[in-house]
Amino acid sequence: MDRTEGFGVYIDRTLKKVQSTFLQVFAENNIDLTIEQWVILQRVHLEGKDASQADIAKSNFRNRATTSRVISGLCKKGLLRKSRFRDDQKRYKLVITEEGSALIKQVMPFILDLRKVSTLGITEEEFEIFYKVLDQLWENFDQYEGRS
């Protein structure tokens, strides 16, 4: 068997396990968020006052429609507010509400614990190699133009 046969199954299996574990922890702790909502909420938090909807979509490798739908859900929950930048009326500015900030503070201890658990038995060097391999796989597929 070719060593690369089925590696996508391993990536998919791992992603599903990560997501289901996060969702389980969210449910056990009455955190009403999906994975996508958490990722976007945290990204807006990290971007600060310059967070724009377009930049959030790019940094999370999601299309604009998906990002817009998730952001709308976060706004309906009262975790984000959406407005326009003063100097650029075409872009949406995203601001975390007090409720959103409180939720981030509530969720972060669980996230940090999950991150810690995820790297048990993995050295820093192994983790760097893991990232390097994932980046190379990304590049290889990003440059793929089809072969006949």
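Student: Which residues in H5 are buried?

Tutor: Buried means under 20% relative accessible area, exposed means over 50%, and partly exposed lies in between, with a 1.4 Å probe and protein chains only. In H5, the buried residues are Gly 100, Leu 103, Ile 104, Val 107, Ile 111 and Leu 114.

Student: What kind of model is this?

Tutor: This is a predicted model, in which local features need pLDDT of at least 70, side-chain atom pairs count only at pLDDT 80 or more, and totals for chains, interfaces and linings use all residues. Residues are numbered from 1 along each chain as its sequence is written, and side-chain values use heavy atoms, with hydrogens and water left out.

Student: How many helices and strands are in the chain?

Tutor: Helices (H or I, at least four residues) and strands (E, at least two) are DSSP runs numbered from the N terminus. The chain has 6 helices and 2 strands, and along the sequence they follow the pattern α-α-α-α-β-β-α-α. Its C-alpha trace spans about 55 × 40 × 25 Å along the principal axes. Of the 148 residues in the chain, 24% are buried.

Student: What span does helix H5 reach from its first C-alpha to its last?

Tutor: The expected span of a helix is 1.5 Å times one less than its number of residues. H5 covers residues 98-118, which is 21 residues, and reaches 30 Å, close to the 30 Å expected.

Student: Where in H5 does a kink lie?

Tutor: The bend at a residue is the angle between axes fitted to the seven residues ending there and the seven starting there. In H5 a kink of about 35 degrees lies at Val 107, shortly before the proline Pro 109. Val 107 is also one of the buried residues of the helix.

Student: How do the axes of H1 and H5 cross, and at roughly what angle?

Tutor: Two packed helices are described by the angle between their axes and the distance between the axes. Axes are lines fitted to C-alpha atoms, for helices over the stretch in contact, and angles run from 0 to 180 degrees between N-to-C directions. The axes of H1 (residues 7-28) and H5 come within 11 Å and cross at roughly 145 degrees.

Student: Is the crossing of H1 and H5 left-handed or right-handed?

Tutor: A crossing is left-handed if the near helix is turned anticlockwise from the far one by less than a right angle, and right-handed if clockwise. The crossing of H1 and H5 is right-handed.

Student: Which residues in H1 and H5 meet?

Tutor: Contact means heavy atoms within 4.5 Å. On the H1 side there are Thr 21, Phe 22, Val 25 and Phe 26, which meet Val 107, Phe 110, Ile 111 and Leu 114 in H5. By class, this contact has 7 nonpolar, 1 polar and no charged residues.

Student: Is Phe 26 buried or exposed?

Tutor: Phe 26, in helix H1, is buried, with a relative accessibility of 1%. Not counting residues up to four places away in sequence, Phe 26 touches Ile 31, Leu 33, Thr 34, Trp 38, Val 107 and Ile 111. The C-alpha atoms of Phe 26 and Cys 75 lie 49 residues apart along the chain and are separated by 19 Å.

Student: With which residues is Phe 7 in contact, leaving aside its neighbours within four places in sequence?

Tutor: Phe 7 belongs to H1 and contacts Leu 137 and Phe 141. Phe 7 is partly exposed, because its relative accessible area is 30%. Between the C-alpha atoms of Phe 7 and Ile 31, 24 residues apart along the chain, there are 33 Å.

Student: Is Gln 37 buried or exposed?

Tutor: Gln 37, in helix H2 (residues 35-47), is buried, with a relative accessible area of 9%. Leaving aside neighbours within four places in sequence, Gln 37 contacts Asp 32, Val 70, Gly 73, Leu 74 and Lys 77.

Student: Which residues does Lys 93 touch?

Tutor: Lys 93 is found in strand S2 (residues 88-96) and is partly exposed at 24% relative accessibility. Not counting residues up to four places away in sequence, Lys 93 touches Lys 49, Ala 51, Arg 81, Lys 82, Ser 83, Arg 84 and Phe 85. The C-alpha atoms of Lys 93 and Ser 83, 10 residues apart along the chain, are separated by 5.2 Å.

Definitions and conventions. Nonpolar A, V, L, I, M, F, W, Y, C, P; charged D, E, K, R; others polar.
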